[in-house]
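Open the model in your viewer and keep the selection panel at hand. The stops below go from one selection to the next.

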Amino acid sequence: MTAKISFREVVKTYPMKDTTFTALDRVSLDVADQEFVTVVGPSGCGKSTLLNMAAGLAEPTAGEVLVDGVPVTGPGPDRGVIFQQYALFPWLTVRGNVEFGLKLTGLPAEERRRRAEQAIELVGLSDFADALPKTLSGGMRQRCAIARAYAVDPQVLLMDEPFGALDALTRVQMQDQLLRTWSRMRRTVMFITHDVDEAVYLAGRVVVMASRPGRVHTIVDVDLPYPRTEEMRFSPEFGRIRNAVWHSVYHQAPAA
Ligand SMILES: Nc1ncnc2c1ncn2[C@@H]1O[C@H](COP(=O)(O)OP(=O)(O)O)[C@@H](O)[C@H]1O
Ligand SMILES: [Mg+2]
């Protein structure tokens, strides 16, 4: 079966003054359709670079990135991208922001409105559809950004530390919200985080990257069923997996 997202021997280099900096060194990774994969690794190991390539916002120096078996040549409505800094238009309401993401789809206004309502409901913001971003908490603003991505109904969600700026409690709530949404929509998710607990809680597989040069270090299977629960978070099995991921992130052997 064709992978939903496929990185094949992906290399990314940047020219430096006298040398070449290798940000990614022959990264190969397949993400299956409907899979939830998280990516962790030390700062600067190339996580964002990798995700941006799938988003069509960066190009590999060598190798290829495929979505549904087709090389990525640019952004597209089949892939929704959510960054840590939720870029909402401050002069638009929640509904306005979510509908804005649908402008480029060419859908009639009525259908845009219907899809926006649906997405807003999905993230639990229906009571705030007419609110301006400045009147919302950070978590709500991020939910609005997520609703905007969902409204377009992308096959693939690419999330780059989307909950990084949130406080611990909001973060946990957002994780559960996201998992609930994912279990209803069953899209393919590639989710970058620097939080090992978050990586394990969300994923079916955790991809651990190493730096200098950026590469895939280990892939840890999370053998816990969905839906994930609070009890699971405190279970010995969860702890065992978290420790394994933690160890491979923080005790990486230098590249050969
Ligand atoms: N435009 C660029 N020019 C030179 N180096 C870059 C550029 N963009 C990213 N890098 C370098 O590539 C590496 C990977 O960056 P990034 O993908 O943002 O890492 P991560 O998201 O894992 O923290 C970093 O060392 C970064 O400094
Ligand atoms: Mg990054």
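A residue counts as buried if 20 or more other C-beta atoms lie within 10 Å of its own, as exposed if 12 or fewer do, and as partly exposed in between. Keep in mind throughout that this is a predicted model.

**Stop 1: helix H1**

Select residues 47–55, which form helix H1. Colour the buried ones: Lys47, Leu50, Leu51, Asn52, Met53, Ala54 and Ala55. Now step past the end of the helix. Gly56 follows H1, and its phi is positive, near 85°.

**Stop 2: ligand 1**

Stay with H1 and show ligand 1. Which element gives the most to the shell around this ligand? H1 does, with 3 residues. Strand S2 (20–31) also supplies at least two residues of the shell, as does H1. Select the whole set around ligand 1: Tyr14, Phe21, Ala23, Gly41, Ser43, Gly44, Cys45, Gly46, Lys47, Ser48, Thr49 and Gly214. Colour the shell by class and you get 4 nonpolar, 7 polar and 1 charged residues. Lys47 is in this shell, and Lys47 is also among the buried residues of H1.

**Stop 3: Thr13**

Next, select Thr13 in strand S1 (residues 5–15). Buried, exposed or partly exposed? Thr13 has 16 C-beta neighbours inside 10 Å, so it counts as partly exposed. Setting aside residues up to four places away in sequence, Thr13 touches Thr20, Phe21, Thr22, Ala23 and Thr61. Then draw a distance from Thr13 to Pro60. Their C-alpha atoms are 8.2 Å apart, although 47 residues separate them along the chain.

**Stop 4: H3 against H4**

Show helix H3 (109–122) and helix H4 (138–151) together. Packed helices are described by the angle between their axes and the distance between the axes. Here the angle is about 135° and the axes are 8 Å apart. That makes H3 oblique to H4. The crossing is right-handed. Zoom in on the contact. H3 brings Arg115, Ala116, Ala119, Ile120 and Leu122, and H4 brings Ala147, Tyr150 and Ala151. By class, this contact of H3 with H4 holds 7 nonpolar, no polar and 1 charged residues.

**Stop 5: H4 against H5**

H4 passes H5 in a right-handed crossing. Select Gly138, Gly139, Gln142 and Tyr150 on H4, then Thr170, Gln173, Met174 and Thr181 on H5: these residues make the contact. What classes do they fall into? The contact of H4 with H5 has 2 nonpolar, 6 polar and no charged residues. Tyr150 of H4 takes part here, and Tyr150 also meets H3.

**Stop 6: Phe128**

Finish in the loop between H3 and H4, at Phe128. Phe128 has 19 other C-beta atoms within 10 Å, so this residue is partly exposed. Apart from neighbours within four places in sequence, Phe128 is in contact with Val94, Leu136 and Met140. Last, draw a distance from Phe128 to Arg240. The two are 112 residues apart along the chain, and 40 Å separates their C-alpha atoms.

Methods:
Residues are numbered from 1 along each chain as its sequence is written. Chains are lettered from A and ligands numbered from 1 in the order in which they are written. This is a predicted model: local features need pLDDT of at least 70, side-chain atom pairs count only at pLDDT 80 or more; totals for chains, interfaces and linings use all residues. Helices (H or I, at least four residues) and strands (E, at least two) are DSSP runs, numbered from the N terminus. Two residues are in contact if their C-beta atoms, placed from the backbone, lie within 7 Å. A residue is near a molecule or strand if its C-beta atom, placed from the backbone, lies within 6 Å of it. Ala, Val, Leu, Ile, Met, Phe, Trp, Tyr, Cys and Pro count as nonpolar, Asp, Glu, Lys and Arg as charged, and the others, Gly among them, as polar. Axes are lines fitted to C-alpha atoms, for helices over the stretch in contact, and angles run from 0 to 180 degrees between N-to-C directions. Angles under 35 degrees count as roughly parallel, over 145 as roughly antiparallel, 65 to 115 as roughly perpendicular and the rest as oblique. A crossing is left-handed if the near helix is turned anticlockwise from the far one by less than a right angle, and right-handed if clockwise.
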